[in-house]
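Here is a short briefing for a first look.

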Amino acid sequence: MSITENLNQIKATLPSHVILVAVSKTKPNEDILEAYGTGHRVFGENKIQDMTQKWEQLPKDIEWHMIGHVQRNKVKYMAEYVSMIHGVDSLRLLSEINKQAKKHNRTISCLFQMHIAQEETKFGLDIEELKEIIASDTFKSLENVKIEGLMGMATFTEDKAQIRQEFVLLKSMYDSLKTDLPEMDILSMGMSGDYDIAIEEGSNMVRIGSSIFGARNYH
Ligand SMILES: *Cc1c(COP(=O)(O)O)cnc(C)c1O
C-alpha cells in the first residue's frame with residue numbers, strides 16, 4: 001500500500017480526539033511530501049540535525065515534533081521552529097529549552113518523558129524525579145516552555161499484557177500529576193505496534209512511523 005493509503009486507513013480508525021504524529025525519521029522528503037499532500041501536517045523526527053534539514057527544505061506549515069532523546073547542546077538548532085519536544089527528561093534540559101526559546105521570543109511545548117519500560121536503556125523520569133523537578137524554584141521560573149503532558153514508550157516485547165500494564169502505569173502518572181500541572185492535556189503513547197492498546201488506555205497522541213512509511217532500513 002502507498003503512504004497515502006496507509007495514512008488514510010490509520011486516520012479512519014483513530015478516534016477524533018487522538019492526534020497523529022507521523023514519524024518520518026530516516027525517510028526522504030518525497031515521502032513526507034506525499035503524506036503532506038493528504039493534508040497531514042504533524043511529523044515526528046528523532047534526530048535534531050535531520051529534522052532541521054527537513055524543516056529548511058519542506059513547507060513551513062509543517063509542525064515538527066522532536067520525539068527522540070535530546071542533547072542539550074543541540075537544542076539551539078531547533079528552538080526557532082520546533083513545535084513540540086516529547087523527550088524532556090531533566091530540569092537541565094528543560095532550562096536549556098527555555099533559554100533557547102526565549103532567544104526566539106517563543107514558548108516551546110514540551111512533554112516529560114517517563115520511564116515505564118522494563119528496559120534500562122530507555123530514557124525517562126520516574127515519578128519521584130518528576131515531582132522533584134516540579135517542586136523546584138527553577139522549574140517555576142521557566143516562562144518560555146509549556147508543559148503539555150507526558151510521553152512514554154512501552155517495552156519492546158510481544159507480551160501485550162505487559163505493554164498494556166505499562167500504558168496503564170503512564171496514564172495513572174498522568175492523572176496523579178494533574179493537580180500539580182493542571183495545564184497538561186497530552187498523553188503521548190503508542191507506536192505502530194501498540195497504538196491500539198495505548199488508545200484504549202487513554203492515549204490522545206500516537207507516534208506512528210513504519211505503519212505509514214514502511215519499514216526503516218537501519219539497525
Ligand atoms: C521511531 C519512533 C516511533 C515510531 O515507531 P514505529 O514503530 O515505526 O511506529 C515512535 N516513537 C518514538 C520515540 C520513536 O523513536
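A backbone N or O atom of Ser-210 sits 2.8 Å from an oxygen atom of the ligand. Such a polar contact is a pair of N or O atoms within 3.5 Å; within protein, one must be able to donate a hydrogen and the other to accept it, and residues adjacent in sequence count only if both atoms are side-chain atoms. The protein covers 91% of the 390 Å² of accessible area that the ligand has on its own. Areas come from the Shrake-Rupley method with a 1.4 Å probe, and for residues only the protein chains shown count as cover.

This is a predicted model: local features need pLDDT of at least 70, side-chain atom pairs count only at pLDDT 80 or more, and totals for chains, interfaces and linings use all residues. Residues are numbered from 1 along each chain as its sequence is written, and side-chain values use heavy atoms, with hydrogens and water left out.

**Around the ligand**
- A polar backbone atom of Gly-209 is 2.8 Å from an oxygen atom of the ligand.
- The side chain of Ser-192 places an N or O atom 2.5 Å from a ligand oxygen.
- The residues surrounding the ligand include Val-23, Lys-25, Met-191 and Arg-216; a residue is near a molecule if one of its heavy atoms lies within 4 Å of it.

**Lys-25**
- UniProt, in an unreviewed entry, places "modified residue: N6-(pyridoxal phosphate)lysine" at Lys-25; such annotations may be inferred rather than shown by experiment.
- Lys-25 lies in the loop between strand S1 (19-23) and helix H2 (29-37).
- Helices (H or I, at least four residues) and strands (E, at least two) are DSSP runs, numbered from the N terminus.
- Lys-25 counts as buried because its relative accessibility is 15%, and buried means under 20% relative accessible area (1.4 Å probe, protein chains only).

**Ser-203**
- Ser-203 lies in the loop between helix H8 (195-200) and strand S8 (205-208).
- Ser-203 is buried, at 1% relative accessible area.
- A polar atom of the Ser-203 side chain lies 2.7 Å from the backbone oxygen of Met-189.
- The Ser-203 side chain also reaches the backbone oxygen of Leu-187, at 3.4 Å.

**The whole chain**
- The chain has nine helices and eight strands.
- Its radius of gyration is 17 Å, close to the 17 Å that the globule rule gives for 219 residues, so the chain is as compact as a globular protein of that length.
- That radius is taken over C-alpha atoms, and the rule is 2.2 Å times the number of residues to the power 0.38.
- Buried residues make up 51% of the 219 residues.

Technical notes:
Buried means under 20% relative accessible area, exposed over 50%, partly exposed in between (1.4 Å probe, protein chains only).
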